[in-house]
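Please look through the sequence and the model shown here before reading on.

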Amino acid sequence: MNTPNQTDGSALPADSIDPHLLSLAMAFVPAQSFDTPYEPALAFSRGTIFPALDKPFLGEEAVPQ
């Protein structure tokens, strides 16, 4: 039988919280105001119809070589 601070046989620190009481994840989604969407062709090329969500991935372009 597991004690309150043991889950799989490995001891947890005495001040830890039982993992069974925790949520897996919690999301925060800020309110988004509606803006004029992109035209369909531009939206398709940018990957979003909403200009506020147009966050291009720079990846290797951002790293000078």
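Asp54 is buried, since its relative accessible area is 14%, where buried means under 20% relative accessible area, exposed means over 50%, and partly exposed lies in between, with a 1.4 Å probe and protein chains only. The model is a predicted one, in which local features need pLDDT of at least 70 and side-chain atom pairs count only at pLDDT 80 or more, whereas totals for chains, interfaces and linings use all residues. Residues are numbered from 1 along each chain as its sequence is written, and side-chain values use heavy atoms, with hydrogens and water left out.

Apart from its neighbours within four places in sequence, Asp54 is in contact with Tyr38, Arg46 and Thr48, contact meaning heavy atoms within 4.5 Å. With Arg46, the side chain of Asp54 forms a salt bridge at 2.9 Å, N to O; the term stands for a side-chain nitrogen of Lys or Arg within 4 Å of a carboxyl oxygen of Asp or Glu. The structure holds one salt bridge, and its Arg46 partner counts as partly exposed at 39% relative accessibility.

Thr48, which Asp54 contacts, belongs to the segment after helix H1, the helix itself spanning 40-46. Thr48 is likewise buried, with a relative accessible area of 13%. When residues up to four places away in sequence are not counted, Thr48 touches Tyr38, Ala43, Leu53 and Asp54.

Because Phe34 lies in the segment before H1 and Phe50 in the segment after H1, the pair ties together parts that are 16 residues apart in sequence. Phe34 counts as exposed at 69% relative accessibility, whereas Phe50 counts as partly exposed at 30%.

Phe34 and Phe50 also belong, together with Ile49 and Leu53, to a nonpolar surface patch of about 410 Å². Patches are made of residues with over 30% relative accessible area and no salt bridge, like charges being joined within 9 Å and nonpolar side chains (Val, Leu, Ile, Met, Phe, Trp, Tyr) within 5 Å.

Ala52 lies in the segment after H1 and counts as partly exposed at 43% relative accessibility. Ala52 and Thr36 are 16 residues apart in sequence, with 9.7 Å between them in space, C-alpha to C-alpha.

For the protein chain as a whole, the secondary structure comes to one helix and zero strands. Of its 65 residues, 6% count as buried. The accessible surface of the chain comes to about 6300 Å², of which 63% belongs to carbon and sulfur atoms, the areas coming from the Shrake-Rupley method with a 1.4 Å probe and, for residues, with only the protein chains shown counting as cover.

Key
Helix = DSSP H or I, 4+ residues; strand = E, 2+ residues; numbered from the N terminus.
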